[in-house]
Amino acid sequence: MMKLWKRASGALKDRKSLFSISFSRRTSFRNPDLDSAIIHATSHDDSSVDYHNAHRVYKWVRSSPVNLKPLVHALSSRVNRTRSWIVAVKALMLVHGVLCCKVTSLQEIRRLPFDLSDFSDGHSRPSKTWGFNAFIRAYFSFLDQYAFFFSEQIRGRGKKSHQDSVDQELERIEKLQSLLHMLLQIRPMAENMKKTLILEAMDCVVLEIFDVYGRICSAIAKLLIKIHPAAEKAEAVIALKIVKKATSQGEDLALYFEFCKEFGVSNAHEVPKFVRIPEEDIEAIEKAINGVKEKEETKDEEEEVEEEKSIILVERPEFKTIITDKWEVFEDDYCFTCKDIKETDQDKDYNVDPSLLPLIVIDEPVYFTYTLPDLITF
C-alpha cells in the first residue's frame, strides 16, 4: 500500500511540473519542449527509464549550442528541488549521456549545474535509503570531475607542442586513473538496491569503466614507446608510477567486475581479462631512470677531470710555472641520438549501437594497435 501511495504521489508531482511548463514561454534560458523531455526522462517511476525522451534531450544538445543554457537551467531546477533518489539517479544518468555526446559546446559547463555531494532521500527512513544516498554521491562526484576533465581536454586541443607532449600525456593519464578510481567507488552496497533503475545505472558505469580503462591502456602503450633511455628522469619516474598504478587498478577492476556480475549487471557478464603489465616493461622504465642517473654521474666526473686538466702545474725543482698545452683538452659534447619512432595508431570516431545502452552514446573508442604492452585483452 505504501509503495502504491509513493508511486501515485510521484506521478502527481510529475504531472504538476508538466502542467506548469505548458504555460512557460520560450526564452534564451527556457525551452518548454526540452523541459518536458527532461521531466519525462527523470520521472519518479523507479520501474523504468524513458529512453525516448532521453534521446530527445541528446538530439537537442547535438543540434545547436543554443540549447545548452536551457538544458542547464532545466536540469538544475529539476535536481535542486528533488528529495527523491529516483529522480536524482535518473538525472545523473541523463547528464552522463549528455557528456558522452562529446559536443564541444559542453566545455562551457566545466562542472555539473547542481550539487548532490550531500544528497539524502527525504521520502523514506535513512535505514532504507543509505545505500541509494551513497550511490548518488559517488556517481555525482565522478560526473562532476569528468565534466571538468572533458572541458579541459577540449580547451587544450591544438595547444599541444612537441616539447611538452610527453608531460601533458603523463598528466592526462594520471587524471584518467583518478577518474577510474572514482568510478570504482560507484556500487550498490545495500541489499535492497537490486532494482531496475540501479541496474540500468550500473550498466552506464560499467561501459564508462571500459572506455576510461581502455584510454589508459592505449595511452600507456604510446607512452612506453616515448620513454627511452634519453628521457628525462622526472618523466621516467612519473611513468613508472603510472604503470604500477595501472597494474594495481587492473586487479581492482577484476574484483569490481566480479561483484557486478554477481549483482546482475548485464554489461559485466563479458568480463575482460585484465593482464598484468610485463615485468620487462617496468624494468625498461627503471633502466631509463637509472640511465639518467648514470649519465648525470658521468657528466660530473667529466667536469672534475676537465678542471684537473686545466690547472696550472708547478714544477718544484726549478720553481718554474709551466703551462702546457697537453693538459688543455676540449672534448666534443656527448650527443645521444635515436631513430624517430612513428606512431601508427590514430583516434577514430564511431557510433555505439543505442540498444546496448540507451542512455549513453560513446563516440570515441580506443583501438589497441600496440602488441606491447598487453594491458587489457578480451
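Predicted model: local features only at pLDDT ≥ 70, side-chain atom pairs only at ≥ 80, totals over all residues.
Close-up 1. The C-alpha atom of Ile209 is separated by 9.7 Å from that of His181, although the two residues are 28 residues apart along the chain.

**Close-up 2. The packing of helix H8 against helix H9.** Helix H8 spans residues 196-226 and helix H9 spans residues 233-263, and their axes come within 11 Å and cross at roughly 155 degrees. The two helices are therefore roughly antiparallel to each other, and their crossing is left-handed. On the side of H8, the residues that meet H9 are Ile198, Leu199, Met202, Val205, Val206, Ile209, Phe210, Tyr213, Ile216, Ile220, Leu223 and Leu224. Their counterparts in H9 are Ala239, Ile242, Val243, Ala246, Gln249, Gly250, Leu253, Tyr256, Phe257, Cys260 and Phe263. Sorted by class, the residues of this contact comprise 21 nonpolar and 2 polar ones, with no charged residue.

**Close-up 3. The packing of helix H5 against helix H6.** Helix H5, made of residues 85-99, and helix H6, made of residues 126-156, have axes that come within 10 Å and cross at roughly 20 degrees. That angle makes H5 roughly parallel to H6, because angles under 35 degrees fall in this class. The crossing of H5 and H6 is left-handed. H5 contributes Trp85, Ala88, Val89, Leu92, Met93, His96 and Leu99 to the contact, while H6 contributes Phe132, Phe135, Ile136, Tyr139, Phe140, Phe142, Leu143, Tyr146, Ala147 and Phe150. Of the residues in the contact of H5 with H6, 16 are nonpolar and 1 is polar, and none is charged.

**Close-up 4. The packing of helix H6 against helix H7.** H6 also packs with helix H7, which covers residues 165-183, at an angle of about 160 degrees and with the two axes 9 Å apart. H6 and H7 are therefore roughly antiparallel to each other, and the crossing they form is left-handed. The contact is made by Ser141, Phe142, Gln145, Tyr146, Phe149, Glu152 and Gln153 of H6, together with Arg172, Lys175, Leu176, Leu179, Met182 and Leu183 of H7. In this contact of H6 with H7, the classes are represented by 7 nonpolar, 3 polar and 3 charged residues.

**Close-up 5. The place of Ser76 in helix H4.** Ser76 is found in helix H4, which consists of residues 68-81. With a relative accessible area of 15%, Ser76 is buried. When residues up to four places away in sequence are left aside, Ser76 touches Pro113 and Phe114.

**Overview. The chain to which these views belong.** The chain holds 10 helices and 4 strands, and along the sequence these elements follow the pattern α-α-α-α-α-α-α-α-α-β-α-β-β-β. The chain has 378 residues, of which 44% count as buried, and its accessible surface comes to about 21,800 Å², with 53% of that area belonging to carbon and sulfur atoms. Among the contacts in the chain with a separation of 6 or more, 78% are accounted for by residues 24 or more positions apart.

Notes. Residues numbered from 1 in each chain as written. Heavy atoms only, no water. Axes fitted to C-alpha atoms, helices over the stretch in contact; angles between N-to-C directions. Parallel < 35°, antiparallel > 145°, perpendicular 65-115°, else oblique. Left-handed = near helix turned anticlockwise from the far one by under 90°. Contact = heavy atoms within 4.5 Å. Nonpolar A, V, L, I, M, F, W, Y, C, P; charged D, E, K, R; others polar. Buried < 20%, exposed > 50% of the residue type's maximum accessible area, 1.4 Å probe, protein only. Areas by Shrake-Rupley, 256 points an atom, 1.4 Å probe, with all protein chains shown as cover.
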